[in-house]
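This report concerns the strand arrangement and the aromatic contacts of one protein model. Please consult the sequence and the structure shown here while reading.

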Amino acid sequence: MAARVLHARGAASAGGVLRRAAPCSLQPALRRLTSSNNRPREDSWLKSLFVRKVDPRKDAHSNLLAKKETSSLYKLQFHNVKPECLEAYNKICQEVLPKIHEDKHYPCTLVGTWNTWYGEQDQAVHLWRYEGGYPALTEVMSKLRENQEFVEFRKARSNMLLSRRNQLLLEFSFWNEPVPRSGPNIYELRSYQLRPGTMIEWGNYWARAIRFRQDSNEAVGGFFSQIGQLYMVHHLWAYKDLQTREDIRNAAWHKHGWEELVYYTVPLIQEMESRIMIPLKTSPLQ
């Protein structure tokens, strides 16, 4: 037994000497052998980091998700008003905006105009529809530059604002068309910032989810951004009051399938915001 142990130790020692000697005599050959054996595996591993299979898609998501029967474009405006100017701001908006809405020479419609009640304070929100898409938008902007009353309105309005921003939107094909409704109602604008690349997935889930939210006619409109902050989704809802909103939303959780759709859509969201809004007296959505 002792002899065997000594023999093994000797072999190990010899092996150790051989391995230590390798850098002088065998290192180039070993390097070539190691490199040739590992390179295909390394190349494959590196490619897996940077190369991903892309499913072919033959059309833009805007064409796949938007309504085919209309070519309407929507503009959503957010105006943050100086607190001391909100009443005066509302007054001039109610005087001027309905004139544009009612004038047949302008291919646009005022869908709704609100003040934010809960959410960002001293804020006005306006939603316009342009029948005919981008050409209609261009036509309206061109005509408004020649409208002296509107020029004066914009000048007076600019002195009342802290900031403003807008987005151009399309409407989802599976949502209700936003049409005038009688009130009184409160409106909720739920805005979702989606992860880039997930708009089609969102649309697929909400095309099924919307059927759970039609019982009380609360669904007003659903939109997704084209210009401005991208991968934004806006859902507009109408409720009699805050308690009705709470009751309707809670009732959805008792419908089989709603919880699954929520589960799969939540991971698509980066940020979300809810505004409760009160319509101005001249808003078509009351």
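The following paragraphs treat the barrel, then the aromatic pairs, then the charges over rings.

In this predicted model, 8 strands close into a barrel with antiparallel pairing, and their order is β1-β3-β2-β8-β5-β7-β6-β4. From one strand to the next, the twist averages 35°. Tyr 118 has Ile 276 in β8 as its bridge partner.

The count of aromatic pairs comes to 16. One of them is formed by Phe 150 and Phe 153, whose ring centres are 5.5 Å apart; the pair is tilted because the planes stand at 45°, between the limits of 30 and 60 degrees. Both residues belong to helix α6 (residues 148-158), where a spacing of 3 residues separates them by about one helical turn.

Tyr 205 and Tyr 264 form a stacked pair, since their planes are at 5°, with ring centres 5.7 Å apart. Tyr 205 is in helix α7 (residues 199-209) and Tyr 264 in helix α9 (residues 258-265), so this pair ties together parts 59 residues apart in sequence.

| Residue | Relative accessible area | Class |
|---|---|---|
| Phe 150 | 11% | buried |
| Phe 153 | 4% | buried |
| Tyr 205 | 16% | buried |
| Tyr 264 | 37% | partly exposed |

A cluster linked by ring pairs comprises Trp 175, Tyr 192, Trp 202, Trp 206, Phe 212, Trp 237, Trp 253 and Trp 258. Over the face of Trp 237 lies Arg 213, at 4.0 Å from the ring centre. The charged end of Arg 165 sits over the ring of Phe 78, 4.4 Å from its centre.

Terms used
Residues numbered from 1 in each chain as written. Predicted model: local features only at pLDDT ≥ 70, side-chain atom pairs only at ≥ 80, totals over all residues. Heavy atoms only, no water. Pairing = 2+ DSSP bridges. Helix = DSSP H or I, 4+ residues; strand = E, 2+ residues; numbered from the N terminus. Axes fitted to C-alpha atoms, helices over the stretch in contact; angles between N-to-C directions. Phe/Tyr/Trp six-rings, centres within 6.5 Å; stacked < 30°, edge-to-face > 60°. Buried < 20%, exposed > 50% of the residue type's maximum accessible area, 1.4 Å probe, protein only. Lys NZ or Arg CZ within 6 Å of the ring centre and 35° of its normal.
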